[in-house]
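Student: I would like a close look at a single part of this model. Please start with how one chain is divided, and then follow the contacts from there.

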Amino acid sequence: MEAFPGPKGKDLRADVAVIGGGPAGLAAAVAAKRAGAERVVVIERDVRLGGILPQCIHTGFGLKWFGEELTGPEYAARFVDEAASAGVEFMLETMVLEVTQDRRVAAVSPHHGFVVLQCGAIILAMGCRERPRGALVLPGTRPAGIFTAGTAQRLVNIEGVLPGRQAVILGSGDVGLIMARRLTLEGVKVQAVVEIMTYPGGLARNIQQCFRDFDIPLYLGHTISRIHGRDRLEGVSVAPVDDAKVPIASAEWFIPCDTLLLSVGLIPENELSAACGIELDPATGGPVVTDEMETSVPGIFACGNVVHVHDLVDHVTEDGMVAGAAAAARARVAARTPVLGEAGKDAGLESLQAIRTTGEIRPGRNVRYVVPQRFVRHGDAVPAAAAAAARTLTISLRPSEPAENVVLEVSIAGRVLRRQRKQKVRPGEMMQVNVDRLAIPSEKGDALTVSIVER
Amino acid sequence: MRGDSNEFTVTCVVCPVGCEVTVLDAVEVRGNKCDRGREYALLERYDPRRVLTFTVRTTCPDHPLLPVKTDRPIPKHLLLKTARLLAEECVSPPVKAGDVVVRDVLGTGADVVATSDLGGSCGDIDQMVSEPYNAGET
Amino acid sequence: MIGAAIAREMARYDLAVVLLEREVEPAFGTSKANSGVVHAGFHSAPGTLEASLCVEGNAMFDEIAAELSVPFRRNGCLMVAMSPEEVDVLREHLDRGRRNGVPGLRLLDAGEARALEPGLAPEVVGALHAPTGGIVCPYQLTFALVENAVANGVRFMAGSPVTSLHVREGRIAAVETAEAIIETTWVVNAAGLFADQIAAMAGDESFEIRPRKGEEYLLDKRVGSLVRSTVFPVPTPVSKGILVIPTADGNIMVGPTAEDVSDRLDLATTRAGFEAVFAAARRMVPAVSPRDVIASFAGLRAASSERDFIIRPSGVTRGMVHVAGIESPGLTAAPAIARMVVGILRDEGLEARARRGFNPIRPAPVRFSQLSRAEQARLVESDPSFGRIVCRCETVTEAEVLDAIRRGARTVDGVKLRTRAGMGRCQGGFCMPRVMKILSRELGVPLEAITKRGPSSPIAPYPAKALLREAQEEAGDGPGPAVAHVSHHMSPATGR
């Protein structure tokens, strides 16, 4: 990006810029402030803060973090209040166009015009988007009445319109289940939930509450094989799938409906990250991060759903707290060494990077991905008497396949560091395992591997 | 979930284990690994309750809906009836999160409360935002 | 497209012209599904209208694209051969093209073909290269033609299917729609899929339209550089085959299939079509992958009972000129067809004097995403609605959406096709509610009245609580036992 000054030729700086004012960004901003960063700015594209939370009017948020069961708006409000009273600044209706490796952020807004911020550290918290119909290659017509579940949720809960009166939902992930319940309570007849896998996708409590309560038929191992209706949806053909997940046409039947909700996957929103040259992990769709949530570009951090899709907002908050504190520390270093080296890279951060080495964390058997993918090797720098938190390395992971009676293992160079029994594991429920850093041998080179094995 | 005759089976959601618990009658419960599971199953069988989260229309063109919830779980069989009742409601600003929108809804003892603020006057929503970013300063 | 091109051409003359479109916006028929290829002209049989109008039209594209500010580039067409027999076919087409007057045609061997297109399959043994082949955005072109026609005095009536034609003493006397009766003695029938029905309204049953469906699959811009030229297989008797097309917007598109259908509104994509498209495309360009699909759609070619374009005055009713059965290379031929039609009308007796003040230039719409940061900043500082990004994936601003509405967009698809809002990776997941709200505000209609592409495609047709209140009325329930309300009963912002 060419160098371009802010409005009226003035330079704009922030110690920490947070891109995204959802739960991840808000937590990161709060943590950055608590860790002493002076100027923390949250850049949010919508007219309100909270990210996806304002449209999540249901409960289920905050059980871990607050020990209370809150709705999305209530959870968001807690962090907005705290951020505001801590002195975090907000730019609303502001869309970031570009993030550079030398930590500049270009953004546009009807209120602030075209701004370029030079930052000590940047935290990416853009969340995720939904997989659309186009990516599914669903045969049939292109009528009105087909929505991704989140877009329907926005229309129903924020904009004040209903998509239709008779719905089918494709995908039994949490968003789909929640919308099945929501639509039913708004008087919509939900005809069926169709799930291609042989097991439901969402959290058990959502499966229970969202459609067992309303006796909505759930068709596992099925998919939608065709869309009907020229200008407005008239119905869908549903069919069981074979082992290759291909619909068995001979077993197809027609379900009339005027609304189809797609809940078929969330994809971390990393357009800005990719354009910046940040290394992405194909297994998560998000940036490769260290346990401090730092990406492959020094001084750029990431947290929340932009890193990988979480199930609980409480975990998003945890991520954000880590990223915010680490970013604040980074920003202090950047402030002390403002000299830009060759190619515009920050000499101060680069040298810091060189001193610290990172080890790799890899997904092993039956593990689809791990986050973080790297961890900072403090070596002898972690005092034995350090706080438990500093000694603990927390790894988040998802299994590739559901399994029962298994053992979660963290090993390095063939040696098992940690073993945990698990009765049930499901791809729809993220797990976490803690490893004592002091137990990690200090030789560089070998990766920590996380596996799920039979007992 | 409905078994034969009076048998009732439910997957407990209190903890991640997810026991399949069967209630045979008001006393006999099988499949639970702990007391919380037993309690959960009994309640689900004899007095299932849910918190209703919902939206209520407002007079604000820019913010046409206010999210609300019942402040405690209400009987499951009253969810749709409560929804229909709330569909007739309409609120005007200012509203603060926690304000009661409908008291003792359908005689359940539960109040329906706002879960978000609705600003001082329409078109000027209280965004809980402090001073906006000061773009003019270095 | 064809009608729009003719109307714009006719706007050069001092004539009262009305352009009638059955859909609510231009291009909503077949035109938006066009693959956008500007053909070189080596496919058509020499001596046909198709052949001469294609070559003539192709040569006019630089000027027309510049005048109308429509994205167009000459990326070249490459017909590839996978066997010695197919190389013979290439030679036939080289000859054919030369006879049609196509400039710059040459045969390439395998090495030359691959040097030009590194993505070609190793099985490609040779290719025919046509450097004059190009790629344009078909709906942008259609919108631009209509805008320029209207700016030059043409009256455009959308959502106006013709219901009948009045004929007096063997001559056209008027055209009737649901809303109007337009007195006229001249009608140009460019009604695409319905051209035979229009002709029949004037007693002319000399041809039949036999729709032929084509499915297309759009790939992510991420793989946009798979090919640079438009890659063709050796053609079939019925169609040019399944192509690999680098679109004017930077996507790759593969298709179309060719399937005769009886329903002239059948726009369904199929599993079989999907498999056929990818098998054919991957045969020529192996890196084409279904995993990169972001959208798919189908279009209907207005194929007719005749082999060539039907561009002639009606033999039954005077004053009517048919421009029918315009399938590929119809887009390419459009500017030349328009000229030819004016010529026919004049031959038939229409007096057409040049209009003074005809302005061929259409002001270019802003494409914010393609500007430099400095230009973007300038725009944002001058107009805050450039600072509001509506579509994140394609970086479309509110200003562009407002401009699209000013230029005639009335529907979500109309905004989408003009601005690209909703055509990116998330396919409208983020921007659709926002576009709906802007349309609602600008058109002064409630959100529930906003449609995808016209009155029969409303998006979210029920205001909040409408279904519950309906159920309540039906059930005859009152609001239940007396409850203490905190709120006052005031009129809600949504619904009745």
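This is a predicted model: local features need pLDDT of at least 70, side-chain atom pairs count only at pLDDT 80 or more; totals for chains, interfaces and linings use all residues.

Tutor: The domain assignment of chain A gives domain 1 as residues 10-129 together with 266-355. Domain 2 covers 132-264, and domain 3 covers 357-455. Look at the numbering of domain 1: it is written as two stretches, and domain 2 falls between them.

Now see how domain 1 meets domain 3. In chain A, 13 residues of domain 1 are in contact with 13 residues of domain 3. On the domain 1 side of this meeting, 4 residues are nonpolar, 5 are polar and 4 are charged.

A413(A) is not a glycine, yet its phi is positive, at about 50°. Find A413(A) in the loop that runs between β27 (403-412) and β28 (415-425) of chain A.

Next, cross to chain C. Here 51 residues of chain C are in contact with 44 residues of chain A. Which elements of chain C give two or more residues to that side? They are α7 (271-284), β18 (293-301), α9 (373-382), α12 (432-443), β23 (462-463) and α13 (466-475). The top contributor is α9(C), with 6 residues. By class, this side of chain C has 29 nonpolar residues, 14 polar and 8 charged.

One link between the chains is a strand pairing. Strand β11 of chain A, residues 161-162, pairs with β23(C). The two run in the antiparallel sense, over 2 bridges. For V161(A), the bridge partner in β23(C) is P463(C).

Walk on past β23(C). The loop between β23 and α13 of chain C holds K465(C). K465(C) has a positive phi of about 75°, although it is not a glycine. Now compare the neighbour counts. K465(C) has 28 other C-beta atoms within 10 Å. Buried takes 20 or more, so K465(C) is buried.

Turn to α7(C), another element on the side of chain C that touches chain A. The helix α7(C) has 14 residues. From its first C-alpha to its last it reaches 21 Å, close to the 20 Å expected at 1.5 Å a residue. Which residues of α7(C) are buried? They are G273(C), F274(C), V277(C), A281(C) and M284(C). Look down the axis of α7(C): these buried residues fall within an arc of 105°, so they line one face of the helix. On the other side of α7(C), A272(C), E275(C) and A279(C) are exposed. What do the buried residues pack against? Their partners are strands of chain C: β4 (77-81), β13 (212-219), β14 (230-232), β15 (243-246) and β16 (252-255).

Further along chain C comes a hairpin. It is formed by β19(C) and β20(C), with 6 residues between the strands. In the turn, G319(C) has a positive phi of about 90°. β19 covers residues 310-313 and β20 covers 320-324; they run antiparallel and are joined by 4 bridges. One bridge pairs P313(C) with V321(C) in β20(C). Follow the chain out of β20. The loop between β20 and α8 (330-347) of chain C contains P329(C). A cis peptide bond joins S328(C) and P329(C), with omega about 0°.

Chain B also has a cis peptide bond. This one joins P93(B) and P94(B), again with omega about 0°. P94(B) sits in the loop between β8 (90-91) and β9 (100-103) of chain B.

Finish with chain B as a whole. It has 2 helices and 10 strands. From the N terminus on, their order is β-β-β-α-β-β-β-β-α-β-β-β. Chain B has 138 residues, and 41% of them count as buried. Like chain A, chain B is divided into domains. In chain B, domain 1 is 8-47 and domain 2 is 53-114. Taken over C-alpha atoms, the centres of these domains are 31 Å apart.

Methods
Residues are numbered from 1 along each chain as its sequence is written. Chains are lettered from A and ligands numbered from 1 in the order in which they are written. Two residues are in contact if their C-beta atoms, placed from the backbone, lie within 7 Å. Ala, Val, Leu, Ile, Met, Phe, Trp, Tyr, Cys and Pro count as nonpolar, Asp, Glu, Lys and Arg as charged, and the others, Gly among them, as polar. Two strands pair if DSSP finds at least two bridges between them. Domain bounds come from an automatic or database domain assignment. A residue is buried if 20 or more other C-beta atoms lie within 10 Å of its own, exposed if 12 or fewer, and partly exposed in between; C-beta atoms are placed from the backbone. The expected span of a helix is 1.5 Å times one less than its number of residues. The arc is that of the directions from the helix axis to the C-beta atoms.
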